[in-house]
Amino acid sequence: MPAKSPLIVDLKFIPEEVDAALQGAFPGREVINLADPAHRGRDLSGIDYAVVWKSAPDLFSRAPDLKVVFSGGAGVDHVLTLPGLPDVPLVRFVDRTLTTRMSEWVVMQCLLHLRQHRAYEALAKKREWRDLSQPEATDVTVGIMGMGVLGQDAARKLAVMGFEVIGWSRSKRTVEGIDTYDAAGLDAFLGRTDFLVGLLPLTADTKGIFNAGLFRKLSRKGPFGAPVFINAGRGGSQVEADILECLDRSVLGGASLDVFEQEPLSPESRFWDMPNVYVTPHVAASSDVKALFAHVDEQIERFENGLPLEHVVDQVAGY
C-alpha cells in the first residue's frame, strides 16, 4: 500500500484548539501544522492536501502539487483570493455543529431586538422599573438573504419561535412553509422584511449589497417602525458607512454585526458604543476544529477511494 500523503494545516484559529483537535486525528498520516515553528521553511512540494483558513499568501507557491484544498469554514472567499490558487477541487466545511451555531446566533439576535434587550439594560442601569410595550414574534417578519444550508436551518428555527420568515437568494429555493424570492423579487422581499438577516457568501454580485439603497426598501410597517439589520455572512457584503448613516437617520432602528469590512474591528469604530448595535467578533459560527478534521478526513478517504468529493465549491460562482 502506498504511503499516505501528508496533510498541510494552515489555520488562523486558536492554536490550543487546533493542537488539541490534532491529537488522534488523521491516523497514519503526517500532519504538517504550519503554526509549528519546526515547519518554517519546510519543502511542501509533493503534498496532496491542505486545510486552510486565512492561510499564508505564499502557501500555494510553497505547495505546488496539491490535489484538494479544504476550507476551514463555510466561507471560501478568503481562499479564492489567495495568490496561486491551484485549479483543483476546493471543498467547504459543512457540518451540523457549524449550522447549529449559526442558527443559535441568528435566533439570539432576533430575540434580543424583539425583546428590546438594550432598552431594558439601559433602564436597569438607571434602576428604573418600567414595562415596555412588547410585540410578539408573530408580529415581526424576518427576511433571510442567503438560503443555503445555514439560511434554511436558521429559517426553520426562527419559524419555530413564531417569527414570520421569508427567504431570498439569486436563484429561487423551495423551502417548505417559507415564502422565497429570487433576484427578480428582491424589492418585494425587502418590502415585507422587518428584521433583515444577511447570510450571503461574498462574491462579485454580493459585494456591498447591504447598502443605504437596500436599507431604504425595507419595511417600516413592523412593530418597531424602523427595521433591523443582522449580518453574520461576510463583512465585504456590507457598506459600513451606509449602516452608520442609516442608524443615525433612523432608516435602521438597530443592528447586530458579526462580520466587518476590516477585521479585527478598529477600537475607534463607532459600532462598539452605539446603544442599538450588538457587535460580536466573527464568532457566530466558529468552526468546531475536531468536527472540521473529521470532515476533512472523511473527504480525503472518499477521494482516495475514487468517490466524488462532497461540498465542492463552484469557483466561478464563488460558493
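**Close-up 1. The N-terminal cap of helix α10 in the predicted model.** In this predicted model, D288 caps the N-terminal end of α10, with one of its side-chain oxygens placed 3.1 Å from the backbone nitrogen of K290. Just after α10, G306 adopts a positive phi of about 80°.

**Close-up 2. The buried residues of α10 and their packing partners.** The buried residues of α10 are V289, A291, L292, F293, H295, V296, Q299 and I300. Their packing partners include the strands β1 (7–11), β3 (49–53), β4 (68–71) and β5 (90–91), and the helices α1 (15–22) and α4 (96–114) also pack against these buried residues. An α-helix has 3.6 residues a turn, so residues three or four places apart point the same way.

**Close-up 3. The interface between domain 1 and domain 2.** The domain assignment divides the protein chain into domain 1, made of 7–95 + 287–305, and domain 2, made of 96–279, and the centres of the two domains, taken over C-alpha atoms, are separated by 32 Å. At the interface, 11 residues of domain 1 are in contact with nine residues of domain 2. The two domains bury about 830 Å² between them, of which 47% is on carbon and sulfur atoms; D77, D95 and D288 supply 55% of the area that domain 1 buries against domain 2, more than any other three residues. Three salt bridges are counted between the domains, and four residue pairs, both residues at pLDDT 80 or more, are found in polar contact across the interface.

**Close-up 4. The salt bridge between D77 and R234.** D77 forms a salt bridge with R234, in which the closest N and O atoms are 2.6 Å apart. D77 counts as buried at 17% relative accessibility, and R234 likewise counts as buried, at 11%. The count of salt bridges comes to 17; D77 lies in helix α3 (residues 77–80) and R234 in the loop between β10 (228–231) and α9 (240–248), so this pair ties together parts that are 157 residues apart in sequence.

**Close-up 5. The salt-bridge network of K126, E128 and R130.** K126, E128 and R130 are linked in a network of salt bridges. E128 pairs with K126, the closest N and O atoms being 3.6 Å apart, and R130 pairs with E128, with a corresponding separation of 2.9 Å. K126 is exposed at 57% relative accessibility, whereas E128 is partly exposed, with a relative accessible area of 33%, and R130 is partly exposed at 42%.

Note on methods. Residues numbered from 1 in each chain as written. Predicted model: local features only at pLDDT ≥ 70, side-chain atom pairs only at ≥ 80, totals over all residues. Heavy atoms only, no water. Buried < 20%, exposed > 50% of the residue type's maximum accessible area, 1.4 Å probe, protein only. Helix = DSSP H or I, 4+ residues; strand = E, 2+ residues; numbered from the N terminus. Contact = heavy atoms within 4.5 Å. Polar contact = N/O pair within 3.5 Å; in protein donor to acceptor, adjacent residues only side chain to side chain. Domains from an automatic or database assignment. Buried area = accessible area lost by both parts, 1.4 Å probe. Salt bridge = Lys/Arg side-chain N within 4 Å of Asp/Glu carboxyl O.
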